[in-house]
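Here is a friendly briefing to read alongside the structure. Have the viewer open, and follow the topics one by one.

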Amino acid sequence: MRLAEGARVSLVAARPAEFALALLTETGSKAHVNKLQQIANGAGPAAKAGQKVRKQAARAPARSTELLNETDIYEQLGMPYIPPELREDEGEVEAALEGKLPLDLVTLEDIRGMVHCHTTYSDGKHSIEEMARAAEAMGMKYVTITDHSPTAFYAGGVTLDGLKRQWAEIDEVQEKVKVKILRGTESDIVADGRLDYPDAILEQFDVIVASIHSRYKMDSAKMTKRIVTAMRQPVFKIWGHALGRLIQRRPPFDCDVEQILDVIAESRAAIEINGDPWRLDMEPRWVREARKRKIKFVISVDAHSTGALNNLKYGVAMARRGWLRKAEVLNTLGPKAFANAVRPV
């Protein structure tokens, strides 16, 4: 059926004894479910590993074969429970059968700081104090204030004079709240790959998010060079909403992502997983590629209001789809460790 808003939905009714199986088959990707079916039927390359594990399990004390939940289903197939976010047939079944499935995927409870927050100094709806108090109320230990830089004039990018006022206000607000406020910027990556504040200013921030907000239609070679140049800047920076997509509005821009990841792996940089529901950038397939290169991440909210701090759960979900573990996410660190990890110089 199709809802009034246009979304397609399906409704499945199941008896209590069949609910767990119905939940798994109706919500997992078709490729994942098909892989499980192959193992259950003893077919496909993964089936041999599944048979070996099940033979080992058969020697264990007998237990009920009633399928009360999804964990029971996976155990019958000779593997541990696979979290829903991983069920995309991207190697998760093989990893489970080999005992290599990550057991410490990042969780919402692991996040200790809100990263990438805008205020009324640029295009945010709320003040520094309001954003800080909202983050504190959610149990966060730190919040980064990362308003737009001058090139983003359409978003009220903060001028050098504006920075002085903002930093003074941060100092004032810090005396009123317990949450640590880090002064940052979302600095535009301009066409030639530079960040649009002078180096002497960049070095004074606590954290830099480096993002593209214009000239999305550059050809792949030019866009790749632009981003590579930015990532090689000597200051530590976080590549913000990496590929610039807006879901159902604007596709990702064209660039050589693997080349950029190679450069980030050898540079002073991390990658943002953006929790804004319109962005959800970067995609899980690229997160997995970045993990192979041992690149670090932050899970951000890209919040332009206090309510948008709730974007965090979407960022965590995207991170889990990319197999991200707690230790790979910088804002699972405490305030001092995080500040040291992202300090520009």
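Met1, Leu3, Val9 and Leu11 together make a nonpolar surface patch of about 430 Å². Keep in mind that this is a predicted model. Met1 sits in the segment before helix H1 (19-27), and Met1 counts as exposed because its relative accessible area is 62%, above the 50% cut-off.

**The chain as a whole**
- The protein chain has 13 helices and seven strands.
- Along the principal axes, its C-alpha atoms fill a box of roughly 70 × 45 × 45 Å.
- Buried residues account for 50% of the 345 residues in the protein chain.
- If you look at contacts between residues at least 6 apart in sequence, 73% of them join residues at least 24 apart.
- The accessible surface of the protein chain is about 17100 Å², and carbon and sulfur atoms contribute 52% of that surface.

**A salt bridge at helix H4**
- The structure holds 21 salt bridges.
- One to look up is the pair Arg87 and Glu70, whose side chains meet with an N to O distance of 3.0 Å.
- This pair links distant parts of the chain, 17 residues apart: Glu70 belongs to helix H4 (70-76), while Arg87 lies in the loop between helix H4 and helix H5 (92-97).
- Are these two partners buried or exposed? Arg87 is buried, with a relative accessible area of 4%, and Glu70 is buried as well, at 11%; both are therefore under the 20% cut-off.

- Arg293 and Glu258 meet through their side chains in a salt bridge of 3.2 Å, N to O.
- Arg293 is buried at a relative accessible area of 19%, whereas Glu258 is partly exposed at 37%.
- Glu283 forms a salt bridge with Arg285, and their closest N and O atoms are 3.4 Å apart.
- Glu283 is buried, with a relative accessible area of 18%, while Arg285 is partly exposed at 45% relative accessibility.
- Salt bridges with shared partners also join Glu258, Asp262, Glu289, Lys292 and Arg293 into one network.

**How H10 and H11 pack**
- The axes of H10 and H11 come within 10 Å and cross at roughly 40 degrees, and H10 passes H11 in a right-handed crossing.
- Which residues meet between H10 and H11? Val257, Glu258 and Leu261 of H10 meet Trp286, Glu289 and Ala290 of H11.
- Within H11, the buried residues are Pro284, Trp286, Val287, Arg288, Glu289 and Ala290.
- The buried residues of H11 pack against H10, strand E6 (269-274), E7 and helix H12 (312-321).
- Just after H11, Lys294 takes a positive phi of about 60 degrees.

Definitions and conventions. Residues are numbered from 1 along each chain as its sequence is written. This is a predicted model: local features need pLDDT of at least 70, side-chain atom pairs count only at pLDDT 80 or more; totals for chains, interfaces and linings use all residues. Side-chain values use heavy atoms; hydrogens and water are left out. Patches are made of residues with over 30% relative accessible area and no salt bridge: like charges are joined within 9 Å, nonpolar side chains (Val, Leu, Ile, Met, Phe, Trp, Tyr) within 5 Å. Accessible areas come from the Shrake-Rupley method with a 1.4 Å probe; for residues, only the protein chains shown count as cover. A salt bridge is a side-chain nitrogen of Lys or Arg within 4 Å of a carboxyl oxygen of Asp or Glu. Helices (H or I, at least four residues) and strands (E, at least two) are DSSP runs, numbered from the N terminus. Buried means under 20% relative accessible area, exposed over 50%, partly exposed in between (1.4 Å probe, protein chains only). Axes are lines fitted to C-alpha atoms, for helices over the stretch in contact, and angles run from 0 to 180 degrees between N-to-C directions. A crossing is left-handed if the near helix is turned anticlockwise from the far one by less than a right angle, and right-handed if clockwise. Contact means heavy atoms within 4.5 Å.
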